[in-house]
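Keep the viewer open as you read.

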Number of protein chains: 2
Amino acid sequence: MKIAVALAGLAAMAAAAVWPVPAVFTTGNDTTAVPSGPMLAGNTTSAILNDALERYRAIINKETFTPPADYKMQLPATAGKLSALEVRLGCDDETLSLGTDESYTLDIPVSGKASITAATVYGALRGLETFSQLIVAYSGSRVIRNTPVHIEDRPALAHRGLLLDTSRNYYPVADLKRTLDAMSYNKLNVFHWHIVDAQSWPVESRAYPGLQKNSSYGADMRYSYGDVQDVISYARARGIRVIPEFDMPGHMFVVGETYPEIMSCLNKQPNWDKYAAEPPSGQLNIAKPAAADFAAGLIGEYTKLFTDEVFHLGGDEVNRNCWSEDPDVKAYLAAHSNATVETLLADFYTKVHAAVGAGQRVGMSWEETLFKSEYVPPKDTIIQTWIDEQSIPKTVARGYRSVASPASAYYLDCGHGAWLANFDGNSWCDPYKSWMHVYNFDPWANVTSSAQRELIIGAEVALWSEQADSVSLDNYLWPRAAAMAETAWSGKKDASGQVRTTAQVVQRLHDQRFRMVGRGIGAVPLQPLWCARNPGGCLLP
Amino acid sequence: MKIAVALAGLAAMAAAAVWPVPAVFTTGNDTTAVPSGPMLAGNTTSAILNDALERYRAIINKETFTPPADYKMQLPATAGKLSALEVRLGCDDETLSLGTDESYTLDIPVSGKASITAATVYGALRGLETFSQLIVAYSGSRVIRNTPVHIEDRPALAHRGLLLDTSRNYYPVADLKRTLDAMSYNKLNVFHWHIVDAQSWPVESRAYPGLQKNSSYGADMRYSYGDVQDVISYARARGIRVIPEFDMPGHMFVVGETYPEIMSCLNKQPNWDKYAAEPPSGQLNIAKPAAADFAAGLIGEYTKLFTDEVFHLGGDEVNRNCWSEDPDVKAYLAAHSNATVETLLADFYTKVHAAVGAGQRVGMSWEETLFKSEYVPPKDTIIQTWIDEQSIPKTVARGYRSVASPASAYYLDCGHGAWLANFDGNSWCDPYKSWMHVYNFDPWANVTSSAQRELIIGAEVALWSEQADSVSLDNYLWPRAAAMAETAWSGKKDASGQVRTTAQVVQRLHDQRFRMVGRGIGAVPLQPLWCARNPGGCLLP
């Protein structure tokens, strides 16, 4: 009777479907009425927390979500009524960083006042999200099931990220804000803004104004300084850090539209594949000091505009052939017998990482900088791995901090076929990463030493935009990014030490998906509604 | 210099990017201004044509589409001005059927009055769509490029379809109407409404009211008679036939929620896979005369509600085990020594096809009815193939008419991973069918006899909704359904007899995609905008 046990377990969970699941979660057997109107209170000077209280008041007061499995259920009898939710902060400080304490405790009695206790503003925000998810509606009346509720919660990973590429195709600021909303509904806390790439340069530069002027996709497809500040502020209000990426020295064709003199292999056609991973080709010319100066200038400018402690330098998919065929590089190497393309690249990295340090920032780089160059990054550099799942254990074995973004599990653009217009084949990272595949990935796999496990600081899904833009954004991201979010917040194992399975969590993810749709996020369905309503009915025997 | 030639060819096509491409299309070198305001005229008593003139007036008067490759172009000098578009009909008759003549001729002079000449109202509608696509905007001014234009056009296939499954997940009527709009922009002409399946019964039944009452997903997820009539009328106004499918005897679990006594193997769990292709299992009980009577009753009712000459009976994925283990079937077979499950199934098909005939309709069936049963369908039955691309030649070799829907090319739901909640694997019909893969499929492959080629009457893409609903509808369908639409309307070859390649047509499809987005359809991007703006720049060498 294994199936009957599983079904009973799933049904019992339906009423308390918090996503991601809290670390400690004890429940009772009563139902508590939730009155309409403002009832969230916090004695705080934090504008961020006060804004969040306002925001969650609005979310709660219009919540109409009913768990799909409860579709035949009437309003249950209530044993008490919530009078208020009080938020108690350890400290009103609003600093948001990799080290921010996001833990919180939430208590909801059968009747009376609920409370969130948190060390920081951002822990309180996480508690508010959890509180909002406990509220469900039956016949238009809002209740909290299974009271009293006691929750103690904290994240498994400090960096829980989502990368969006706004260069290959552009996304309006409204899309970014909606994405930040959805991230907050899943306790994600890093928006990795892959803001420029070879195809377009949407962001304003005051040091190099030609970049945006010549290489944004148009006047209506730009991010001004004001837009960036607006996005950072909107993100911070939701406890989300914004890490910008200026990918160099590859992926920079677009710089050549303004500064061709510091570039190599600009838009080689038709054989671009000898020079770049995708068209248009173009890399900063590492034989030219002006190229490294330009890069340092960019970093100097954008470490002022972007306020987070971490600054991403890219460093992926550098093509050696682009340089070895470059006339200036050839001439330089002919004149300097000790130099090679590799030493030039290492010199370049030395300069740009120094510029990051000069900007009082911590560098972040794609894994090639560590594994495929002669450069030795500063020890505080955060290494984002994507090529191979085994790069995570390799990174921490080298003593570097790791953010896990394996293409094999966390690249949300995969599986939509090739996009070069004459190739009827699969995407390079086929297949599509289903929510189950995303969910089942373990960032800690093959890392046993506790010191090395602590160096695994993050996980991040990525949406590269070759085949995505505003029209498809939500469908690509949700609910698959939510699947990663539970791993990153809750870890892989439940309280009993068992790895959570997709069969165990699917019902909660249905709930989260419908909740998100109700909040205006275009999250795709997991299954026929019949399956969401009949827990356990859609499992492979 | 092959690439240079190709680029020049693509650039020259950019200004006249009609999708699907017309059969005969000659152009000049001038540009004609298109004034605002109503200027479409037709001397007709056809309400459908008059409505279409109104509709296209609105579309044209708000057209802001500029071909992406022309993003730097200023308004070209105009050599003349359009004074009106006159539509000349051979006949005002509004009959819409498989045999309807959809051909038209379109002439646009450099200056003066343009004209559409068509034998029928529906040919005129196709001409209006073409005319609307010739209008492009530069700096807010609308023009037609490359005038004078002369087009002669007609479809390669009479049945150009799109299947939507509204049972596994529900779609509001507004979604269906938007889909019909998008179909009309691509000259598709059959909406195959897979209206019920095992998971829900959204449509009203007056003969069996319990079906909708008990088995729709909810009061807000139903199609009333009025809704169906509204959809049919909306479709007809766009020259689109609505073919309903009532899939039997499999895929009918939902009937068992009201009539369990006529069903076999109702929702067997957990081993549903022995009884059905997916949960919940349930088939009409072929040993019970009441089951065939019920089916005939359904057909009797719905051949009145649905007005098209074709009525789809389903017949796919019938599971023999569901019956061979059924106690009633066993008892029947024990008492009738000449009977088998196969003879019972053939008897069932005989009765339901007779009911279709009694309703003055032509039956349509999935290929299993022809290839995997002992039943011999009436010779006028239209066979829809899906399992194997070779089923198309096999169907026409047997003398039946074929509509091609191979899962390997035309199933738009494939490639999103498995959906049973405990299986981290690929979808059964992986990979995702990219627009290029859809485009490259040839429904006429391996059929050489002209008599047999004429039996290939249609092509149809399908969206099964296990992992799709209102939130993801447009993303799944567009522009991939448009890729099929060009094959179905224009055939595989250009005027010189060469098979069109994706590299040749990608620029036109970019245009069509952006045009559709402008008209409110959520069609996904094919590539980075950079590629759309730089024809030939994103090809595999």
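At roughly what angle do helix α2 (residues 47-61) of chain A and helix α3 (residues 121-134) of chain A cross? Their axes come within 10 Å and cross at roughly 5 degrees. That makes α2(A) roughly parallel to α3(A), a label that covers angles under 35 degrees, while over 145 is roughly antiparallel, 65 to 115 is roughly perpendicular and the rest is oblique. Axes here are lines fitted to C-alpha atoms, for helices over the stretch in contact, and the angles run from 0 to 180 degrees between N-to-C directions. Helices (H or I, at least four residues) and strands (E, at least two) are DSSP runs, numbered from the N terminus.

Before going further, please keep in mind that this is a predicted model, in which local features need pLDDT of at least 70 and side-chain atom pairs count only at pLDDT 80 or more, whereas totals for chains, interfaces and linings use all residues. Residues are numbered from 1 along each chain as its sequence is written, chains are lettered from A and ligands numbered from 1 in the order in which they are written, and side-chain values use heavy atoms, with hydrogens and water left out.

A second pair in chain A is helix α4 (residues 173-185) with helix α6 (residues 225-236), packed at an angle of about 15 degrees with their axes 10 Å apart. α4(A) and α6(A) are therefore roughly parallel to each other. The contact involves residues including Leu176(A), Lys177(A) and Leu180(A) from α4(A), and Asp230(A), Val231(A) and Tyr234(A) from α6(A). The residues of this contact of α4(A) with α6(A) divide into six nonpolar, no polar and four charged.

Now turn to where the two chains meet. The contact takes 62 residues from chain B and 63 residues from chain A. About 5100 Å² is buried between them, with carbon and sulfur atoms giving 59%; buried area is the accessible area (1.4 Å probe) that two parts lose on being put together, summed over both. In chain B, Ala421(B), Asp424(B) and Trp530(B) lose the most area to chain A, together 14% of what that side buries.

Asn475(A), in helix α16 (residues 473-477) of chain A, is in contact with residues including Gly522(A), Val471(B) and Asn475(B). Asn475(A) is buried, with a relative accessible area of 12%; buried means under 20%, exposed over 50% and partly exposed in between (1.4 Å probe, protein chains only).

Finally, some backbone details. The peptide bond from Asp430(A) to Pro431(A) is cis, with omega near -5 degrees, and so is the one from Met248(B) to Pro249(B), with omega near 5 degrees. Gln360(A) has a positive phi of about 60 degrees although it is not a glycine, and Gln360(A) is exposed, with a relative accessible area of 69%.

Note on methods: Contact means heavy atoms within 4.5 Å. Ala, Val, Leu, Ile, Met, Phe, Trp, Tyr, Cys and Pro count as nonpolar, Asp, Glu, Lys and Arg as charged, and the others, Gly among them, as polar. Lists of a residue's contacts leave out its neighbours within four places in sequence.
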